[in-house]
Amino acid sequence: MMLDYLIVFASSLLAATIAPFYSEVVLAAVLTRQPDAVVLLWALASVGNTLGSVVNWWLGKYLLHYKHKRWFPIKDKQLERAQRGFQRFGVWSLLLAWAPVGGDALTFIAGIMKVRLLPFILLVFIGKSVRYLIVIYFAERFLL
């Protein structure tokens with residue numbers, strides 16, 4: 001039982017980093033084993049996924065110092081385009097950090113753009129927690 005909670009938290013944290021992982025599947029699977037723990041599972045997934053995004057934010061904030069190194073994963077043109085896009089849509093775009101395509105990059109760019117941590121956490125948490133509510137809704141309808 002405690003291991004299930006750890007797995008949900010860890011998979012959610014891992015899924016928000018650059019590692020390819022799908023925490024929604026883990027959450028749905030654990031929910032089928034522990035349907036009475038829905039609120040706790042939602043909270044663990046939401047907090048874990050948000051903390052994983054904080055890792056991306058931190059990487060963006062501190063790795064930018066190395067942007068001229070050969071190993072830096074983003075080329076100057078890509079970085080400029082991402083920064084322009086982020087400036088156009090602003091900090092509110094972090095509500096979309098849950099998106100499977102581009103969400104992790106968005107949190108990385110937010111670090112590069114030096115978005116303050118508190119608004120970052122709040123907006124990312126809102127988006128990700130709503131996504132997990134939707135996952136739970138469908139898991140309860142189709143799996144339980």
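**Entry 1: terms and ground rules.** I first wrote down what a pocket is: on a 1 Å grid over the protein atoms alone, where a 1.4 Å probe is used, a pocket is an open set of points with protein on both sides within 12 Å along at least five of seven lines, and its lining residues have an atom within 4 Å of a point. Grid points are joined across faces, edges and corners, and a volume is the space filled by probe spheres set on the points. I also noted that this is a predicted model, in which local features need pLDDT of at least 70 and side-chain atom pairs count only at pLDDT 80 or more, while totals for chains, interfaces and linings use all residues. Residues are numbered from 1 along each chain as its sequence is written, and side-chain values use heavy atoms, with hydrogens and water left out.

**Entry 2: the largest pocket.** I looked up the volume of the largest pocket and found about 360 Å³. It is lined by 22 residues, and those closest to its centre are Ala15, Phe21, Ala99, Pro100 and Asp104. Two or more lining residues come from each of α1 (2–16), α2 (23–33), α5 (103–112) and α6 (117–142), where helices are DSSP runs (H or I, at least four residues) numbered from the N terminus. Sorted by class, this lining has 13 nonpolar, 5 polar and 4 charged residues; here Ala, Val, Leu, Ile, Met, Phe, Trp, Tyr, Cys and Pro count as nonpolar, Asp, Glu, Lys and Arg as charged, and the others, Gly among them, as polar.

**Entry 3: the second largest pocket.** The second largest pocket holds about 240 Å³ of space. Its lining has 17 residues, of which Ala82, Gly102, Ala105, Leu106 and Ile109 are the closest to the centre. Both α4 (76–89) and α5 supply at least two lining residues, and the largest share, 6 residues, comes from α4. I counted this lining by class as 11 nonpolar, 4 polar and 2 charged.

**Entry 4: α3 against α5.** Which angle do α3 and α5 make where they pack? Helix α3 (residues 38–63) meets α5 at about 45 degrees, with the axes 6 Å apart; axes are lines fitted to C-alpha atoms, for helices over the stretch in contact, and angles run from 0 to 180 degrees between N-to-C directions. The two are therefore oblique to each other, given that angles under 35 degrees count as roughly parallel, over 145 as roughly antiparallel, 65 to 115 as roughly perpendicular and the rest as oblique. On the α3 side I listed Ser53, Asn56, Trp57, Leu59, Gly60 and Lys61, and on the α5 side Asp104, Thr107, Phe108, Ala110, Gly111 and Ile112, where contact means heavy atoms within 4.5 Å. These contact residues divide into 5 nonpolar, 5 polar and 2 charged.

**Entry 5: α2 and its two partners.** I found α2 and α3 packed at about 165 degrees, with their axes 11 Å apart, and they are therefore roughly antiparallel. Ser23, Leu27, Val30 and Leu31 of α2 make this contact with Val38, Leu41, Ala45 and Asn49 of α3, and by class it has 6 nonpolar, 2 polar and no charged residues.

With α6, the axis of α2 comes within 10 Å and crosses at roughly 45 degrees, which makes α2 oblique to α6. Here Ser23, Glu24, Leu27, Ala28 and Leu31 in α2 meet Arg131, Tyr132, Val135, Ile136, Ala139 and Glu140 in α6, a contact with 7 nonpolar, 1 polar and 3 charged residues.

**Entry 6: one backbone angle.** Lysine 114, in the loop between α5 and α6, has a positive phi of about 55 degrees although it is not a glycine.
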